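Hi everyone, thanks for coming.

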Amino acid sequence: GYEGEGDDSQFYQITNIPTLSVHVEDGIMPQNRGEDFESHSVLIYENGKMLQEYPILFRVRGNYSATHENKAFRLKYNDGKSHHVMKGAQNESPVKAKKWVLINSYRDKTLMRNPVAWAMSKRGEMKWTPWSQVVDLIVNGDYHGTYTIADHVDVHEGRIEITEMTETDVDEETITGGYFVEVDNNANREPYYFYSTYGNPISVHDPDDDIMQTEQFWYIRNAWNNMERIVYGSDYADPEKGMRSVLDMETFLKYFLVSEFNGNTDMLCQVFLYKERGDDHFYVGPVWDADLALENDQTTYPANERMDWTYKVRDTGNWSDFVGRVLSDPSVFAQLQSLWVKLRKEGAFDPEKVAADVDSLRNEIRSSARLNFIR
């Protein structure tokens with residue numbers, strides 16, 4: 001692209017939502033996941049009154065979402081600095097970071113299921129809910145449609161807040177954390193992954209590939225298997241030495257509750273967990289990957305006629321069995337019921353408030369959605 005003439009007091013937005021324009025060096029259109037391309041990004045927002053312009057590294061991301069004609073992407077600021085997205089705007093990102101994702105919503109014809117699911121995550125009082133903003137995306141001058149720019153799920157202040165490991169963290173204390181892992185049905189695509197004793201595929205996302213030491217990988221593998229052993233052990237319901245000693249029940253139940261409320265059948269295919277240094281517990285979250293949630297999966301549709309939990313519909317390894325085992329403890333199920341009662345009494349899931357979240361997003365993206373489907 002070339003600089004054009006015009007009134008520099010207001011820049012051009014395709015619709016009422018922000019416009020993100022990315023130019024990849026040499027006009028290349030990234031096709032395969034994992035390869036970075038030097039690029040330049042311009043984000044225009046606040047009705048053309050504000051602009052962010054940075055060099056970036058641009059790549060295809062995701063698993064199934066990377067196979068579509070409008071692919072999912074990741075961008076990383078390439079000026080050596082971290083930045084807020086939409087700085088100075090009402091919806092400025094809380095986190096200042098380098099890495100961000102662009103979600104394509106190809107299978108979600110409402111184009112807004114992820115933002116709606118995150119609105120429910122906030123209502124469910126999750127420890128961290130990713131920030132997001134729906135945008136019109138242009139790549140190399142070609143309009144690509146309606147995307148959602150959102151927090152990258154990684155170890156970072158304001159995101160997953162655990163100790164970041166280094167290559168030297170291998171002694172008795174430092175080797176205990178922090179670790180960021182995922183129950184992941186595409187685990188074998190990752191450099192560091194394992195199948196647990198009970199058949200769950202686990203990707204290890206942090207420490208990063210270039211940091212990971214053999215001792216660290218085996219530590220988190222053993223820690224995970226030990227956690228599973230306790231969950232499936234005869235004393236699993238014991239409040240002191242049972243599963244509560246290795247699995248944080250509050251984050252587990254909040255994740256479960258929000259995912260079930262959203263009817264997300266991918267709640268078992270992509271589950272993030274993390275472990276902090278000096279802490280034996282695995283914590284669960286954030287809510288993620290809601291393209292098939294909210295009545296968008298033939299295995300659950302129509303959801304209102306289903307009389308059983310969504311988590312039983314799909315299986316990744318033996319994770320659904322794991323979830324069932326945790327919920328089989330009467331004290332855990334009572335805690336789940338109490339959590340739901342508390343949220344309902346506080347009005348967190350008041351039908352009118354939930355509907356207002358949906359309607360607000362629908363009105364915001366209406367013009368963009370029309371252009372998206374023409375494209």
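This is a predicted model: local features need pLDDT of at least 70, side-chain atom pairs count only at pLDDT 80 or more; totals for chains, interfaces and linings use all residues.

Residues are numbered from 1 along each chain as its sequence is written, and side-chain values use heavy atoms, with hydrogens and water left out. When I say helix or strand, I mean DSSP runs numbered from the N terminus: H or I over at least four residues for helices, E over at least two for strands.

Okay, helix α5. This one covers residues 330–345, 16 residues in total, and from first C-alpha to last it reaches 22 Å. That's close to the expected 22 Å at 1.5 Å a residue, where the expected span is 1.5 Å times one less than the number of residues.

Which residues of α5 are buried? V332, L336, L339 and L343 are, with buried meaning under 20% relative accessible area, exposed over 50%, and partly exposed in between, using a 1.4 Å probe and protein chains only. These four sit on the same side of α5, because they cover an arc of only 60° around the axis; that arc is taken from the directions from the helix axis to the C-beta atoms. Over on the other side of α5, P330 and K345 are exposed.

And what do the buried residues of α5 pack against? That would be α1 (113–123), α3 (249–262) and α4 (319–327), where contact means heavy atoms within 4.5 Å. After α5 comes G347, with a positive phi near 85°.

Now strands. β7, residues 142–151, is mostly covered, with nine of its 10 residues buried. Strand β6 (residues 132–139) pairs with β7 in the antiparallel sense over eight bridges; two strands pair if DSSP finds at least two bridges between them. Within that pairing, I138 stands opposite Y143. The β6–β7 hairpin has two residues between its strands, and N140 there takes a positive phi near 55°. β7 also runs antiparallel to β5 (residues 99–103), joined by four bridges, and W100 has D151 of β7 as its bridge partner.

Last stop: an open sheet of five strands, ordered β9-β10-β8-β11-β12, with antiparallel pairing. Its edges are β9 (193–195) and β12 (283–284), each pairing on one side only. Inside the sheet, β8 (residues 179–184) and β10 (residues 201–206) share four bridges, and V183 partners I202 in β10.
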